[in-house]
Amino acid sequence: INSIRSFFSETFRKKGFIVFIVSLFIAFFFWLLFALGETYTATLPFRITYQNLPVGKIAIKPLPETLHLRVEAVGWNIMRVKTSRKKFPVVIDISHYIKTDVLPTSTLINSIEFRKFQDFHILHISPDSLLFHFDNKTSKTLPVVPVFEVSYGSQYGQSGPLKFSPHKVEITGPASVINSIDTLFTRAYSF
């Protein structure tokens, strides 16, 4: 162990080693500076913000939350988007697409703006289309039926009826789904 300590202490005392390490960091910095100045292709996730959702309607299936954009840009701009704490949402106005139910995402290429970044070119958007299936929003109060199995040890038994709460719950969702439900069952439990 003493020989290892003496090796490292002698190495760090030598000015040549320190100069080498500093030079290595400077070379890495300039390499990074030039490398990020080049144009690259990358796939970046962007959060979707929906505007003007139809009143009194609800999506039958959850709307997608992100789009993946394949972009071509300078490395600095790609790195800035990837490391930024601020999220840059893609805003979609549903009122423009409510009649068609389908939005080919390729039509969004010209409407997506990168105001803070220059030279961003969108090559592809995934998924290739967004589906908007809306139904009337409705609510319904349903009875809750517990699903359980009780087993007792020897010389133990039930002294009265089992109680649970709540007996009823109100659910809200698409009418086509809500109208097909008449009872809610709990998860199966064994006691």
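Trainee: How many aromatic pairs does the count come to?

Mentor: Rings of Phe, Tyr and Trp (its six-membered ring) pair if their centres lie within 6.5 Å; planes under 30 degrees apart count as stacked, over 60 as edge-to-face and the rest as tilted. By this rule there are 3 aromatic pairs.

Trainee: Why is the pair of phenylalanine 29 and phenylalanine 30 called edge-to-face?

Mentor: The ring centres of phenylalanine 29 and phenylalanine 30 are 5.6 Å apart, which is within the limit, and their planes stand at 70°, which is over 60, so the pair is edge-to-face. Do keep in mind that this is a predicted model, where local features need pLDDT of at least 70 and side-chain atom pairs count only at pLDDT 80 or more, while totals for chains, interfaces and linings use all residues. Residues are numbered from 1 along each chain as its sequence is written, and side-chain values use heavy atoms, with hydrogens and water left out.

Trainee: Is phenylalanine 30 buried, partly exposed or exposed, and how do you know?

Mentor: Buried means under 20% relative accessible area, exposed over 50%, and partly exposed in between (1.4 Å probe, protein chains only). Phenylalanine 30 has 42%, so it falls in between and counts as partly exposed.

Trainee: And what about glycine 75, buried or exposed?

Mentor: Its relative accessibility is 5%, under the 20% limit, so glycine 75 counts as buried. Glycine 75 belongs to helix H3 (residues 75-83); helices (H or I, at least four residues) and strands (E, at least two) are DSSP runs, numbered from the N terminus.

Trainee: What does glycine 75 touch, leaving out residues up to four places away in sequence?

Mentor: Contact means heavy atoms within 4.5 Å, and by that test glycine 75 touches Leu36, Glu38 and Tyr40.

Trainee: Which residues of H3 are buried, and how do you know where they sit around the axis?

Mentor: The buried ones are Gly75, Asn77, Ile78 and Val81. They cover an arc of only 165° (taken from the directions from the helix axis to the C-beta atoms), so they are on the same side of H3. What covers these buried residues includes S1 and S3.

Trainee: What makes strand S1 and strand S3 a pair?

Mentor: Two strands pair if DSSP finds at least two bridges between them. Strand S1 (residues 39-51) and strand S3 (residues 66-74) have 9 bridges, so they pass, and their sense is antiparallel. One example is threonine 43, whose bridge partner in S3 is arginine 70.

Trainee: How many bridges join S3 to strand S6?

Mentor: S3 and strand S6 (residues 121-126) share 5 bridges and run antiparallel, so these two also meet the rule of at least two. Here leucine 69 has isoleucine 125 in S6 as its bridge partner.

Trainee: In what order do the strands form the open sheet?

Mentor: The order of its 4 strands is S4-S1-S3-S6, with mixed pairing. Strand S4 (90-93) and S6 each have a single partner strand, so they stand at the edges, with one side of each left without a neighbour in the sheet. On average, neighbouring strands of this sheet are turned by 35° against each other, direction ignored.

Notes:
Axes fitted to C-alpha atoms, helices over the stretch in contact; angles between N-to-C directions.
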